[in-house]
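This report describes one protein chain, topic by topic. Please look at the sequence and the structure shown here before reading on.

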Amino acid sequence: MFVVALVVILAALVSLSVGRYTISPFDTITILCAPIFNTIPTWTHQAQIVVCDVRAPRVLAVLLVGAALGLSGATYQGIFRNPLVSPDLLGVSAGACVGAAVAILLHWSSFGVQVAAFSVGLLTVALATCIPRIFMNNSNLMLVLSGVIMSGFMHALIGLAKYFADPDNELASIVYWTLGSFASIKMTDVLPLLAPILISLVVLICLRWRIDLLSMGDENAASVGVSVGRLKGIAIICATLATAGSVCLCGTIGWVGLVVPHICRLITGASNRYVLPLSTGIGALFLLVVDTIARNISGSEIPLSILTGLLGAPLFFALLYRQRGQVW
C-alpha cells in the first residue's frame, strides 16, 4: 500500500504537469504549496489557472472515481463470491445513468441528478439480487445472468431517453454520461460528492474483515456471529453510493471494477483484507493513467469508456489466461 500510494502521488504530479500546456513538476508542486507557505509567485498566471482551476479538479475527480470503482468491484466480488461481478455487470452504472438521464429530461438541478442517479442505481442492484431468489438459484451463473438482464433493461431505457431527448441540449448531456469523460469537471462538481464517496470508501475498507468472512459462505459467516443480511445491505448501499457518485461525476466507465480486483489478487492473494484497500489505490492509479492518455494521445480528447475497453479487455484476457488452470 505504501508503494501504491507513492506511485499514485507521482502519477498525479505527472498528470498535473503534462498536457497541451506543459508545466515543470517543480513549478506544479510550488503552485500547489503556495497557499500553505505563502510563496512569492515565480510562475505565470496562466500556469496557476491551468494547475489549480483546470487540472487539479480533474485529477481529484479521477482519483475518486478510480478508487470508488475499484473498491466497489472488489466488494461485490467478495460479497457474492463471484469473480465476474462488477458494478457494470450488476447494472449499477447503467441504472445510475438512467436516473441521471431522466433527471436531465426533467430539467432537475445538479443535486437532483445526483439523487436520481443514486436511487435508480440502488434499485437496479436490489432487483438484480432479487432475481436469483425468485428462481431459488443462488449460483454464480444466475447472479451474472441477473446482472445481464438488468443491464440490458437499463441500457434500453437509456436508448429510450435519448430518443425523446432534445437533440440540441438534452441529448448532448445524456451522451456525455454514457461515454464517460472528465473534460468539463469543475471543483463545484467534485465537492458535493466528495463526502459521500469518501465515507462509502472508508466504511467498505473498515468492513473488509467481515467481507472476508462472507467470501467463505453465508453459513460460515453466520456461525461466527456475522449478521449476513445487515452486512450485505450496508456493503451494497455503500458500493452503490460510491458507484452512483462516480457516474454523477463522469458518466459510465467500464472494466475498472472488474479488472482491478483481479490484479490485486495476483499481488496479495484472495483475502479481501488486502484486496479491498489495494483495489482502492490501484483503481485510482489505473484510471489516472487512462485519463492522462485520453487527453494527451490526440488533438481531441478520447472518451474514457473507449480507452478502458481497449485496455481492460486485453488485460482481462491475459489475467484469465494466467489463471486458466484454476477453478472458480
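## A nonpolar patch on the surface

In this predicted model, six side chains form a nonpolar patch on the surface: Val-289, Ile-293, Ile-297, Ile-306, Leu-310 and Leu-311. Together they have about 510 Å² of accessible area.

Two helices, H13 (272-294) and H14 (304-322), each supply at least two residues of the patch. The largest share, 3 residues, comes from H14. Leu-310 is found in helix H14. With a relative accessibility of 57%, Leu-310 counts as exposed, because the cut-off for that label is over 50%.

## Overall build

The chain contains 14 helices and 0 strands. Read along the sequence, the pattern is therefore α-α-α-α-α-α-α-α-α-α-α-α-α-α.

The C-alpha atoms fill a box of roughly 65 × 50 × 35 Å along the principal axes. For 328 residues, a compact globule would have a radius of gyration near 20 Å, and the chain agrees with this because its own value is 20 Å. Of the 328 residues, 49% are buried.

## Salt bridges

Side chains of opposite charge can pair when their charged atoms come close. The count for this structure is 3 salt bridges. Which residues are linked in a network of salt bridges? The network consists of Arg-58, Asp-291 and Glu-301.

Within it, the side chains of Arg-58 and Asp-291 meet at 2.8 Å, N to O. This pair links distant parts of the chain, since Arg-58 is in helix H3 (residues 45-80) and Asp-291 is in helix H13, 233 residues apart. Both Arg-58 and Asp-291 are buried. Arg-58 also forms a salt bridge with Glu-301, and here the closest N and O atoms are 2.6 Å apart. Glu-301 lies in the loop between H13 and H14, while Arg-58 is in helix H3, so this pair ties together parts that are 243 residues apart in sequence. Arg-58 has a relative accessibility of 9% and so counts as buried, whereas Glu-301, at 28%, counts as partly exposed.

Another salt bridge joins Arg-273 and Asp-212, with the closest N and O atoms 3.6 Å apart. It links distant parts of the chain as well: Arg-273 is in helix H13 and Asp-212 in helix H9 (residues 208-214), 61 residues apart. Arg-273 is partly exposed at 27% relative accessibility, and Asp-212 is buried, with a relative accessible area of 16%.

## Cysteines

How many disulfides does a search of the whole structure find? The search finds 0 disulfides. Cys-52 is in no disulfide, and the nearest cysteine sulfur, that of Cys-33, is 11 Å away. At 28% relative accessibility, Cys-52 counts as partly exposed.

A disulfide needs the two sulfur atoms to be within 2.5 Å. Cys-250 counts as buried, with 0% relative accessibility.

## Aromatic pairs

A pair of aromatic rings is described by the distance of the centres and the angle of the planes. A search of the whole structure finds 2 aromatic pairs. One of them is formed by Tyr-163 and Phe-164, with 5.2 Å from centre to centre and 85° between the planes. The pair counts as edge-to-face, because that label applies to planes over 60 degrees apart.

Are these two residues buried or exposed? Tyr-163 is exposed, with a relative accessible area of 65%. Phe-164 counts as exposed too, at 58% relative accessibility.

## Positive phi angles in loops

His-107 is not a glycine, yet it has a positive phi of about 60°. Where does His-107 lie? It is in the loop between helix H4 (92-105) and helix H5 (110-134). His-107 is exposed, with a relative accessible area of 62%.

Trp-255 likewise has a positive phi, of about 75°, although it is not a glycine. Trp-255 lies in the loop between helix H11 (228-250) and helix H12 (256-268). With a relative accessible area of 29%, Trp-255 is partly exposed.

Notes:
Residues numbered from 1 in each chain as written. Predicted model: local features only at pLDDT ≥ 70, side-chain atom pairs only at ≥ 80, totals over all residues. Heavy atoms only, no water. Phe/Tyr/Trp six-rings, centres within 6.5 Å; stacked < 30°, edge-to-face > 60°. Buried < 20%, exposed > 50% of the residue type's maximum accessible area, 1.4 Å probe, protein only. Helix = DSSP H or I, 4+ residues; strand = E, 2+ residues; numbered from the N terminus. Patch = residues over 30% accessible without salt bridge, like charges linked within 9 Å, V, L, I, M, F, W, Y side chains within 5 Å. Areas by Shrake-Rupley, 256 points an atom, 1.4 Å probe, with all protein chains shown as cover. Salt bridge = Lys/Arg side-chain N within 4 Å of Asp/Glu carboxyl O. Rg over C-alpha atoms; globule rule 2.2 N^0.38 Å.
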